[in-house]
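The sequence and structure are shown below.

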Amino acid sequence: MRLKITQKPSDNFDKLRDRRIKYVIIHYTGMKDQKSAIKKLQSKVAKVSCHYLISRGGKVYQMVQDQDIAWHAGKSRWGKDINLNSKSIGIELVNKGFESFHSKQIVALIKILKILKKKYKIKSSYILGHEDISPGRKIDPGPKFPWKILYNHKLTKKH
C-alpha cells in the first residue's frame with residue numbers, strides 16, 4: 001500500500017530501547033489550522049508531539065519516528081496499562097474539534113492504520129481515541145469522528 005509520508009520532525013520525544021507498540025491513539029489537533037498545530041507539536045515550551053499528523057487534504061506528516069515515544073497521550077489508562085505514550089503511536093488529525101472530518105483525511109488515516117496494524121501486530125481493540133484512554137480529561141477525536149468507517153474496514157472494534 002503506497003502512502004507518501006513527509007517528514008516534519010519534532011524534538012518532543014523520548015527514546016526507549018526495545019519499545020513494544022501495542023496501541024494507536026487517534027486525536028484531533030483542536031487548533032485553528034495546520035500551521036498552528038505543527039508549531040505547537042514542535043514547540044519545546046508546549047511539550048507535546050505525535051508520531052503522525054494528517055492534514056485536512058489527507059497529507060501525512062511524520063513528526064516522531066515510530067520507535068521513539070511521542071508526547072501525545074498524557075495521563076492515560078487502558079485496562080492494566082498506564083501512561084500509554086510508551087506503548088502507543090499517536091495520530092493527530094487537523095480538526096478544530098467541532099467540525100466534520102474530511103474524506104481525504106479519513107482515507108489517509110485508514111491507509112496508515114492498515115500499515116501500522118500489520119507492521120506492529122496491533123489488535124483492532126487497541127486502536128482507540130484519546131477520549132477512551134483519558135475519560136473525563138479529553139474528548140478527542142470527538143463526536144464527529146467516523147468510528148463506523150474504521151469499524152467497516154476492520155480496523156477497530158469501536159463503532
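## Lysine 15 and aspartate 68

In this predicted model, lysine 15 is exposed, at a relative accessible area of 64%. The side chain of lysine 15 meets that of aspartate 68 in a salt bridge, with an N to O distance of 3.1 Å. The two residues belong to distant parts of the chain, 53 residues apart: lysine 15 is in strand β2, and aspartate 68 is in strand β6 (residues 68-70).

Aspartate 68 has a relative accessible area of 9%. The cut-off for buried is under 20%, and for exposed over 50%.

## Other salt bridges

The search of the whole structure finds four salt bridges. One of them joins aspartate 81 to lysine 22, with the closest N and O atoms 2.8 Å apart. This pair also links distant parts of the chain: aspartate 81 is in strand β8 (residues 81-82), and lysine 22 is in the loop between β2 and β3 (23-28), 59 residues apart. Aspartate 81 is buried, its relative accessible area being 14%.

Another salt bridge is formed by lysine 44 and aspartate 11, whose closest N and O atoms are 3.1 Å apart. Both residues are in loops, in distant parts of the chain and 33 residues apart. The loop holding lysine 44 runs between α1 (34-42) and β4 (52-54), and the loop holding aspartate 11 runs between β1 (5-7) and β2 (13-15). Lysine 44 is exposed at 57% relative accessibility, and aspartate 11 is exposed at 53%.

## Positive phi angles

Asparagine 83 is not a glycine, yet its phi is positive, at about 45°. This asparagine 83 is in the loop between β8 and β9 (88-93). With a relative accessible area of 45%, asparagine 83 is partly exposed.

Lysine 154 is another residue other than glycine with a positive phi, here near 60°. Lysine 154 is located in the segment after α4. Its relative accessibility is 65%, so lysine 154 counts as exposed.

## A cis peptide bond

Which form does the peptide bond from aspartate 140 to proline 141 take? The bond is cis, with omega near 15°. Proline 141 is in the loop between α3 (130-133) and α4 (147-152).

Note on methods
Residues numbered from 1 in each chain as written. Predicted model: local features only at pLDDT ≥ 70, side-chain atom pairs only at ≥ 80, totals over all residues. Heavy atoms only, no water. Helix = DSSP H or I, 4+ residues; strand = E, 2+ residues; numbered from the N terminus. Buried < 20%, exposed > 50% of the residue type's maximum accessible area, 1.4 Å probe, protein only.
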